[in-house]
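User: I would like to go through this structure with you. Could you put it up?
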Amino acid sequence: SSGINAERSGQSFQQKRCLSDEKNAPDKVKIKFIDRDGDPCTVNAVVGESLMKTAHRYDIDLEGACDGTIACCTCHLIVHPDWFDKIDSEPCEDELDMLDMAFGLTDTSRLGCQVIVKPELEGMVVRIPAYEPQYT
């Protein structure tokens, strides 16, 4: 993934494309991703786009093997408890089935492909689990 390429080139997580100082446009909200090492990266997420697509747009190292078709759990995110109830959609049965296979499952786990950015999620914090198994 492009996040891995950034690591290989010596570029740190903070140097990727984090835009914590950029002004918000009306159709964007700030979302903070915390990577596997605990480093934060705040980005301007496009309203209507999934958290998975947002992570990919900013070269954040979050998989998405099935490209958002709810056929894997590689975009597993842990939503900060203060934000979990602000997500306006409940996980569907397919998402719950995939989450059952995710490493580090918590009560606030969601698939990044299924959480759509909304204006009310301004300031949301999500964490990428510390370990994801490698599939071969």
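User: Which residues touch the most other members of the largest nonpolar core?
Analyst: This is a predicted model, in which local features need pLDDT of at least 70, side-chain atom pairs count only at pLDDT 80 or more, and totals for chains, interfaces and linings use all residues. Residues are numbered from 1 along each chain as its sequence is written, and side-chain values use heavy atoms, without hydrogens and water. The core has 31 residues, and I31, F33, L51, I60, L111, M124 and V126 touch the most other members. A nonpolar core here is a set of buried Ala, Val, Leu, Ile, Met, Phe, Trp, Tyr and Cys residues joined through side-chain atoms within 4.5 Å; buried means under 20% relative accessible area with a 1.4 Å probe, protein chains only.
User: Which elements give two or more residues to it?
Analyst: They are β1 (28–34), β2 (40–46), α2 (51–57), β3 (76–79), α4 (93–99) and β5 (124–127). Helices (H or I, at least four residues) and strands (E, at least two) are DSSP runs, numbered from the N terminus.
User: How is β3 paired with β4?
Analyst: Strands β3 and β4 (residues 109–111) run antiparallel, joined by three bridges; pairing requires at least two DSSP bridges. In β4, S109 is the bridge partner of I78. Two bridges also join β3 to β5, again antiparallel, with I78 opposite R127.
User: Which residues of β3 are buried on each side?
Analyst: H76 and I78 are buried on one side, L77 and V79 on the other.
User: New topic: how many disulfides are there?
Analyst: There are zero disulfides (cysteine sulfur pairs within 2.5 Å).

Key
Buried means under 20% relative accessible area, exposed over 50%, partly exposed in between (1.4 Å probe, protein chains only).
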